[in-house]
Structures are given as C-alpha cells and as structure tokens.
Amino acid sequence: MLDFLGDLRRTHMCGALRASDAGKKAVLMGWVNRRRDHGNLLFIDLRDRTGVSQIVFNAERDGVIHAKAGALRNEYVIAVIGTVKLRDPNTINPNMPTGEVELVAEELRILNESKLPPFLPSDTALTNEETRLKYRYIDLRRDVMQFNIETRHKVAKAIRDYLSAQGFFEIETPFMTRSTPEGARDYLVPSRVQPGTFYALPQSPQMFKQILMISGFDKYFQIVRCFRDEDLRADRQPEFTQIDLEMTYPQPERVWEVVEGFLTAAFKAAGSEIKTPFPRMDYDEAVRLYGIDKPDLRLPAFIDIRDCFTPENLQELAINANLPVIAIRTPNVGELSRKERDDIKPMFHSKGGAKLFEDFKRIGNKFPDAAAAIAERTGMEESDLIVLIAASSPGSSAQAGPQTALPAPPLPVHRKVTPQELAIYASAGLLRLALAQKYSDRHGIFKKTGDPAKDFRFLWVTNFPMFEWDEGEKRWNAAHHPFTSPHEEDMPKLESGVESLNDPQSPLSSVRALAYDVVLNGTELGSGSIRIHRQDIQSKIFRALGMTDEEARARFGFFLEALEYGTPPHGGIALGLDRIVMILTGAESLREVIPFPKTARAVDLMVDAPTPVSEAQLKELGIAVKK
C-alpha cells in the first residue's frame, strides 16, 4: 500500500545535513540509493540531487516502521520524518559530506515503488551508452550527470547575468524561418496552411540578429537552440545550444573584451579561474606554426629545423632542401619501445609527398651535430619525444605511414606559403595532435580533465580567409559565412576577383575577412566577425560566391532590402555552450552535458524518434514519402 504525500513538506535536502543539525527534526524525501539490513537495524541511503543521507530504522524503537522499511528497494521514492543524530565516532563516513550524522526514522511514507532498473544510478561500472540513452531518466539520476547539468545551469546563468549587466538585451528569434543553407543541411518543416512550402529550423540566428542591429537594439544576446542536419561526432549534435550576441559600432577588440568577460564569469561559476586578455594569432601564423587553425597551445609549436642539417645531410636523408623540415616536440613522453615507435607510423597522414622520421635517436647517431642543433632549437629535454616531417627529395618515394580509417581533412588555406609547404605543415599538425592524444594520459602532459586547476589555454585566431576554393565544384565558397566583412584594404582585391570567379589563383584567394575564432585547448568554442553593413558590398560578396543578382534576391531579398535603410556597422559572435560545459566537466562527448541528446545516428532512443507518421498526417500536409 502506497502512501500519499499530503501536506508534508521537505525541511532539508539529502545532501544538506551536517553535525550542526544534530537534535533537529528533519523531513527528507528522495530515492532509495542503497539498503543494508543488519537485523534490528535497517540502514537506507536516501538520495536526491544534492547528495545522500543515511536513514536508520530501529526495530527496538519502532517495530512497525522497521517492518514497513523492510519492503524498500532501490529507487523507491520515500519521505522520512525523524531526528538528526550524530554518528558514533567509529561509524563516521569521511567520504560523504553528511557522513557525521544520520536520521533516526520516526515516520515513513512510501510514495512510489520502482521496478528493478536496467542499471542503478549508484553503479560504478557504466552500462553501454545505448542503454543509458534509452533509460535517460535513470541515467540522469547519476551524480556525475547531476553535476554536469548543474554546471550547465551555473554557466548559462553567469553568462546571462554578465551580458545583462553590460547592457545587452536577451531577445528571442524565430525557430521557423526560411531555408538559407550555411554549409550544412537544414531541417525542414512542412506548412499545412501553405501546401508545398516549408519552413527551416535555424542553423543560427545570423540574419535575425543583424536585423536587430538594423532595428536599433544596439546590444543583443540569446542562449539559443540551433539545428543542423549533418553527420555527428563527439562534439556535434543535430540540435545544439549557442551563446549568440551582436553589437553595433564595434571593432573586433570590443567583441573580444565582451567574450572574455562572460567566459571569465562562466568559468568562475564552475570553479575555475582564467587569465585575460587572451593571446591573439593571425590565421596564417597558426597554420604555419601548428598546421591547423585551432591550435592547442598546451603543446609546443613545431619548428622548421632545415638549417640544422648540412646540404649533404639532407641529400643523404633524401629530404627536399627547398621545403621545410619540421620538428615536432611532445613533452614528457619518456623512453619508447621499438613497438611504440612503430605505432607512430599509422598515425601519420602523408600529404604531398611528406615523409616521417620517427626515430630521432637514430638520426642523432648518424648526424650528431644536427641532432645537437635540433635539441637546442626545440628546447628538447631528455624525456621529450622528437619526430621530424619533411618532403621527399625529387625522384624519391615518400615514406608515408599507412592511412587510418578516417581520411585526413583537406588542406587549410594559407596566403603566404606554397601548396607544397602547406602540405608539410598540415601533415605535421595532424601528427602533433595524434601524438599528444596517445601519450597525454600515460605521461601526464595535460592535467586531468575536469580538474578546476586545468591548464586552460585560450587563443583568438584572427584574419581568416574570406573565401575558400572548392576544387570539386570549381567555385569559391565563403570561409565563414557570406555576411562577414572583408578587410577595408582588401576591397580592391574583391573588386578585381569578382571578374575571375573560376580561377583558383584569383585575387579572391588573398582577401582577408574581419573574422575571428575563440579557441580553447585545441577546440573551437566559437566563431564571429564584423558584418557587412552596406548593401553594395554584400551584393559583391554574393557575386563572388557565384550568385546572380536574381538568385541573391530570391534567397536574401528581405535582408538586402533591410541593408538599404540605414544599417549601422555591427559585429558579433556565437559560442557553443555545450562545448564549454563539456570542457569544464571533463566529459568525453556533448551527450554527457545535454539532458536529452541524440545518438551518432541522430536518434533519440528514449522517445524513439524520428518515427514514421500516419498517412492521414502526410495527406494533410500534401506530402508523399518516396520509398
């Protein structure tokens, strides 16, 4: 027989009782986390989101309540009235915040029973992720998940409070809008009242927040849900949350100050301190030093050590002396076995004839002067791992390691180096990260994830390319999005580049965007830019992307018209809230910090979505499903 809650009110959360509460009456409510039956004494650990308290049912004190408590099982929901009592010194649990006290039960109400769950929130060994997602309501009871979601709340609140204090208005933008793909596929929503037409769920509020600047709101922000129909990874979800903001009359530095301010508040809310201002690095420099546009600054940059070898050394090693010879230093790796060195080879993605020298010791034995110069140049210590990447000399075969299952990403854009040099940098960048990931856990290169004292290395990457050449389509695409403003001094290149749209060597290749990314420990947290506020420049950008005036008007006509009504200069940024919380909690994927995520197949296992709908629904929408 189950009991009713009635007018009974909780006086304390389960994690709140302390020694100072001894002697007080308390009413606790929650789930049975664990039961231990010692005959006349029955112990129940009662759990809610704040923690666990021990409840004691004593048969000698009250046999009726003790007998009733005997029916309790894991995950039953109960309310207990009792008196807080100090534990005997030899029974104190120092691992629990409530470990000095227990509640001696005087009344028990069993509010609901529970079937035996497929796993228990108290289990230390996790079940497979599919089971966890199917029974997400059980999974979310685990203390780790409770901590992750609480951290998410604290971070979001700190950001809201900071931006509100800076004069930003939180304004909601529509979820149902028109389809204007920004590089990923839209989720489409059919209209019943306008048959044959569709809304799209927004990939971002980009145009709406620019419209708000045109409307005179000056400073806007939103913690907003966005949607992209794309293949998923650990740091991607089809629906995600971003911190979106826009402001009028800013230089990039003003946007950066605001972002640094709210990130400082957010990290402090999660128990971590960060240093501002963040360092800044030009995109081209990032590619040259790290081979990637989101470098992890916890690892050393790679170095061109070509001049540490004599021309004869390079010839004997079959290295092209006209291209960089890159040294990658991975700190604190220690001595590697032969097998471990062999394991490095499959991590290497060769690009453009790049080759790998994974055994620096062997090179040192053969070329001691070069090895000494390299050690000095790189700051190498005895426990560090050094590998070299270079281009094969003309006529020789590249000694590239085998490709892994995942292909290497395409080459980044760089305006100041040749494609051959870029191939070396890109190969080195991929291997640099792969080596760090392989050896970080074993040798402590990075501090433990989730540690408040973690080494947070932020970076602003600036001056991105305005355009990227699509070799398959033989056309130029926007590197960020088509509403990004080019540098004022690059406008002549834009003007002339529009006349050579089918040429990969067009002046468009060297146009810089007033775009910037904020990066943390090798993860891109967000992207932003100063926007185009003039209709004539926006039209030129659309033409550079291969759009006719008619196509631009059909897709963006309302926006182009709005630009003609006194649009102020404006700019902003969007950061991924999910990614920030993932880093702060030390989670392995976004699914660990989103209450109800999708799987890698974009499926919600708990509610079994997506699912087919009835023929009647499809007919009402005027839709036929093609098998």
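## About the model

The structure is a predicted model, in which local features need pLDDT of at least 70 and side-chain atom pairs count only at pLDDT 80 or more, while totals for chains, interfaces and linings use all residues. Residues are numbered from 1 along each chain as its sequence is written, and side-chain values use heavy atoms, with hydrogens and water left out.

## Two open sheets

Let's begin with the strands. Helices (H or I, at least four residues) and strands (E, at least two) are DSSP runs, numbered from the N terminus. Two strands pair if DSSP finds at least two bridges between them. Look for Asp-244, which stands opposite Ala-574 in β21.

Another open sheet is built from four strands in the order β12-β13-β15-β14, with antiparallel pairing. Here the edges are β12 (303-304) and β14 (354-357), each pairing on one side only. Four bridges hold the antiparallel pairing of β14 with strand β15 (residues 385-391). For an example, find Phe-357: its bridge partner in β15 is Leu-388.

## Nonpolar cores

Now look inside. A residue is buried under 20% relative accessible area, exposed over 50% and partly exposed in between (1.4 Å probe, protein chains only). A nonpolar core is a set of buried Ala, Val, Leu, Ile, Met, Phe, Trp, Tyr and Cys residues joined through side-chain atoms within 4.5 Å. The largest such core has 51 residues, and those with the most contacts inside it are Ile-328, Ile-344, Ile-389, Leu-431, Leu-435 and Phe-467. Helix α12 (residues 419-443) gives the most to this core, with eight residues. A second, separate core has 40 residues, including Val-155, Ile-573, Ile-583 and Leu-584.

Contact means heavy atoms within 4.5 Å. Leaving out residues up to four places away in sequence, Ile-344 touches Leu-336, Leu-356, Glu-358, Leu-385, Val-387, Leu-431, Leu-435 and Tyr-439.

Most residues other than glycine have a negative phi, and most peptide bonds are trans. This model has some exceptions to show you. The peptide bond from Thr-276 to Pro-277 is cis, with omega near -5°, and Pro-277 sits in the loop between α6 (252-269) and β11 (280-282). Ala-609 and Pro-610 are also joined by a cis peptide bond, with omega about 5°. Pro-610 belongs to the loop between α16 (577-585) and α17 (615-621).

Two residues other than glycine have a positive phi. For Ala-318, phi is near 60°, and this residue is in the loop between α8 (311-316) and β13 (326-330). For Asn-463, phi is about 55°. Asn-463 lies in the loop between β16 (458-462) and β17 (467-470) and is buried, with a relative accessible area of 18%.

## Salt bridges

Side chains of opposite charge can pair when their charged atoms come close. A salt bridge is a side-chain nitrogen of Lys or Arg within 4 Å of a carboxyl oxygen of Asp or Glu. By this rule the count is 46. Where does the pair of Arg-512 and Asp-490 sit in the chain? Their closest N and O atoms are 2.9 Å apart. Arg-512 is in the loop between α13 (491-497) and β19 (515-520), and Asp-490 is in the loop between β18 (475-478) and α13, so the pair ties together parts that are 22 residues apart in sequence. Arg-512 is partly exposed at 22% relative accessibility, whereas Asp-490 is buried at 3%.

One network of salt bridges with shared partners joins Arg-132, Arg-136, Asp-139, Arg-142 and Glu-592. Within it, Arg-142 pairs with Asp-139, their closest N and O atoms being 2.8 Å apart, and both residues are buried. Elsewhere, Lys-345 forms a salt bridge with Asp-342, where the closest N and O atoms are 3.9 Å apart. Lys-345 is partly exposed at 33% relative accessibility, and Asp-342 is partly exposed with a relative accessible area of 33%.
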